[in-house]
Amino acid sequence: MRYTIINLGCKVNRVESDTIAAQLEDRGAITDDRYPDVVVINTCTVTGEAEKKTRKTVRRALRDFMGARSVVVTGCAAALDPDEFLSMDERVVVCGKNQVADTCFEAVHEEPLIAEEVRRHLRFGGDFPTRVGLKIQDGCSAACTFCIVHVARGKAFSRPLPDVLREAHELYDAGVREVVLTGINLGTYTSNNANLAKVAQQLIDEMPKLRVRISSIEPLHATDELIEVLSRQEGRVCRHLHLPLQSGSSKVLHEMARPYSAEQFLSIVERIRTAVPEVSLSTDIIVGFPGETDQDFQATLDMVRACRFSKVHVFRYSKRAGTPAAARTDQIDSLVSANRSHILSELAREVRWQEATRRIGTSEDVLVESHGLGMSESYYPVSVDPAIPRGSLARMHLKSFDSHGTFQV
């Protein structure tokens, strides 16, 4: 069976799509982006624009892959409104992420063919990535007024720690040298008396050549324990955190139902930088949230400068039906939102450049991920000697930062 996967949305979706691919290949399927028997679409519904893109993607797949026997739609958008996708075409099948592999094989009437020794070769042989996401948590018990993910994925829950450790060891044995811990609300992780900080510590204790990276966590989950782990491991737990700000205005944060003020967020950043001076911080920001004034937007610009983010993901607010924010009557004009997005994006590039130039003359561990290219601990791309083997984790001196956004060593 030939398959292709189209992934939409967040890093957790990316990890889940990789898992689906591994499950399919475990059973003898091979990837084919041109002439697949089955197309799998892992959907997103976090905003109105994301949902619109999802529908468009399914329709395009039906048109572009006329020879495919089935288009399997899974993920958040499929969970919320399966009937909409089923009505598009008789080839569309909707299922949960745990049922994708079975659904694909049912669509082409094939059975698993691969023995255990071949399974491992298919999953871990060849050009296996050196940096892999490891999902340890799913769901969210919060209810931000712009978001519907808590409805699509349900309440927060954590994978059992033994399962996390077993998968991590499997990846490590296959040659993975950086594991990125991911989740929808990652900082809520708890299992077997272990929280996020303890998981990160246990992984590096058990696997001496592994580097661990924490993906997005809510600001209030940047605990003293987690900060201490970052500070004392000399980069084995990457001194890089993604803290979603969403707005630099306390008024807007309150209306978003975010559980912190702008002042609290800045205090958290200052606490992290005091304990971990080398830290690199990235963030998400929404512009054009209903009722956002010029003063609110200016407060966001001021916060970006104060926090010195190395990367800002800028999102224009998009109404998502079923959320409290979508029902508000004080929606921001699209031209105003577009202008604010442009201004913030320009500032984000300026601040990123400033943060990068501060690192010139320092040294960081760089993971070589492909021929001549690596990823620094601080999450910047690095141009490396092509002779250095893929999968190497080496200390490198950062000499310059070029116009393409890449460090030279």
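Modeller: Contact here means heavy atoms within 4.5 Å. I start from S310 with that rule. Leaving out residues up to four places away in sequence, S310 touches S280, L281, S282, R352, E355 and Y380. The model is predicted: local features need pLDDT of at least 70 and side-chain atom pairs count only at pLDDT 80 or more, while totals for chains, interfaces and linings use all residues. Numbering runs from 1 along each chain as its sequence is written, and side-chain values use heavy atoms, without hydrogens or water.

Where is S310? It is in the loop between α13 (294–307) and β15 (311–316). The element names are DSSP runs, numbered from the N terminus: helices are H or I with at least four residues, strands are E with at least two. S310 has 5% relative accessibility, which counts as buried. The cut-offs, with a 1.4 Å probe and protein chains only, are under 20% relative accessible area for buried, over 50% for exposed, and partly exposed in between.

R308 belongs to that loop between α13 and β15 as well. R308 is partly exposed, at 28% relative accessible area. Its backbone has a feature to check: phi is positive, about 55°, although R308 is not a glycine.

Now cross to a partner of S310. S282 is among the residues that S310 touches. S282 is part of strand β14, residues 280–287. It is buried, with a relative accessible area of 5%. Setting aside neighbours within four places in sequence, S282 contacts H240, L241, H242, L243, F309, S310 and K311. Take K311 from that list. S282 and K311 are 29 residues apart along the chain, yet their C-alpha atoms are separated by 4.6 Å.

The contacts of S282 also include H240, L241 and H242. Q246 counts as buried, at 8% relative accessibility. Q246 is not a glycine, and its phi is positive, near 75°.

Return to β15 and go forward. R328 lies in the loop between β15 and α14 (334–359). R328 is partly exposed, with a relative accessible area of 22%. Beyond its neighbours within four places in sequence, R328 is in contact with E255, F289, P290 and G291.

How do the domains divide the chain? The assignment gives domain 1 (2–108), domain 2 (131–359) and domain 3 (362–408). These bounds come from an automatic or database domain assignment. Taken over C-alpha atoms, the centres of domain 1 and domain 2 are 27 Å apart. Their contact takes 15 residues from domain 1 and 17 residues from domain 2.

Next, the strands. Two strands pair if DSSP finds at least two bridges between them. Strands of a sheet pair through backbone hydrogen bonds, in a parallel or an antiparallel way. Strand β6 is joined to strand β9 (residues 178–182) by 5 bridges, and the two run parallel. R131 stands opposite E178 in β9. Of the 5 residues of β6, 4 are buried, so the strand is largely enclosed by the rest of the structure.

Another sheet ends the tour. Y380, a contact of S310, leads on to strand β18, which covers residues 381–383. The open sheet has 6 strands in the order β19-β16-β17-β18-β21-β20, and its pairing is mixed. Its edge strands are β19 (393–397) and β20 (400–401), each pairing on one side only. Inside that order, β18 pairs with β21 (residues 407–408) in the parallel sense, over 2 bridges. S383 stands opposite Q408 in β21.

Back to the starting point. S310 is a buried residue in a loop. Its contacts include S282, and S282 in turn has contacts that include L243 and F309.
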